[in-house]
Amino acid sequence: MDRAAWLRLGKALAIGAVVGLFLSLSGPFRTIEAPLWLRLAYWMPMMIGGAGWGHLCASVAFRWADPLERPWLAAALMSLLIAPGMLLVVWGVTGRVFHGQFHPLSAMIDFIVPVLVVTVGMSLMSVFLDKRRVVQTHAAAPGDRPARFLDRLPPKLRGATLYALQAEDHYLRLHTDRGSDLILMRLSDAVAELEGLEGARTHRSWWVARDAVRDVARGDGRATLTVEGGLTVPVSRAHARALRAAGWW
């Protein structure tokens, strides 16, 4: 993982620790009947471990639903991915911690609602508190290595000026001053390698180089960029707010 990914994981684990402490002190779902030390021993590892599992599930869910553009769908998918695994863990751990033995398998149904409540709450926090989803890349400082992504340009585009990337299923269409071409790569992976070129995601399917923008048309909360060569690029409503705040127009 790159540095940004490690920071996101660290943030998720920190949130899990805070929520774990809150649940330890408040004692929901009748855990208040246990002593504080036992509640801490139960909730803290449960929530920190759950946050780590949620981080992995989010990386899958967010491929299907961009949390910036479809946050409720992203949270729902994330919850559906997290819940089955956490239900098994909660069923197994709760009996051992509070009763010294595993609950019978039939008792798993009693944990469905508590697991869903916590899982949905954590998923909503992950989606709505995470401001990283409008991803910008930045120009390299003098002497820095050019963006790694440029090494992926096919031979006919080597040395070309990159204007925009457009996701097409599992492929990326490269728009440059020497024409366009397709490569097999996800947009999210490409953006991670574009650091060194100043640009940003404008839509779940587009990244645009800032220097390539020639005009901005705005209306109804949305925007459309005209890029060098006459290419028209959509800007979603959520991305428009963030890019306007970043000074793109």
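**A loop residue and other parts of the model**

Author: S205 is found in the loop between strands β5 (199-203) and β6 (206-209). Strands (E, at least two residues) and helices (H or I, at least four residues) are DSSP runs, numbered from the N terminus. The model is a predicted one, in which local features need pLDDT of at least 70 and side-chain atom pairs count only at pLDDT 80 or more, while totals for chains, interfaces and linings use all residues. Residues are numbered from 1 along each chain as its sequence is written, and side-chain values use heavy atoms, with hydrogens and water left out.

Once residues up to four places away in sequence are set aside, S205 touches L165, Q166, A167 and L187; contact here means heavy atoms within 4.5 Å. The C-alpha atoms of S205 and C57 are separated by 21 Å, and the two residues stand 148 residues apart along the chain.

Two strands count as paired if DSSP finds at least two bridges between them. Strand β8 (residues 222-227) is joined to β9 by five bridges, and V227 has L231 in β9 as its bridge partner. Strands of a sheet pair through backbone hydrogen bonds, either parallel or antiparallel.

Among the buried residues of α4 are V115, V118, T119 and M122. T119 counts as buried because its relative accessibility is 6%; buried means under 20% relative accessible area, exposed over 50% and partly exposed in between (1.4 Å probe, protein chains only). Apart from neighbours within four places in sequence, T119 is in contact with S79, I82 and A83.

Aromatic rings complete the account. The structure holds four aromatic pairs. Y42 and W43 have ring centres 5.0 Å apart and planes at 75°, so this pair is edge-to-face. Rings of Phe, Tyr and Trp (its six-membered ring) pair if their centres lie within 6.5 Å, with planes under 30 degrees apart counted as stacked, over 60 as edge-to-face and the rest as tilted. Both Y42 and W43 are buried, and together with F29 and F98 they form one aromatic cluster.
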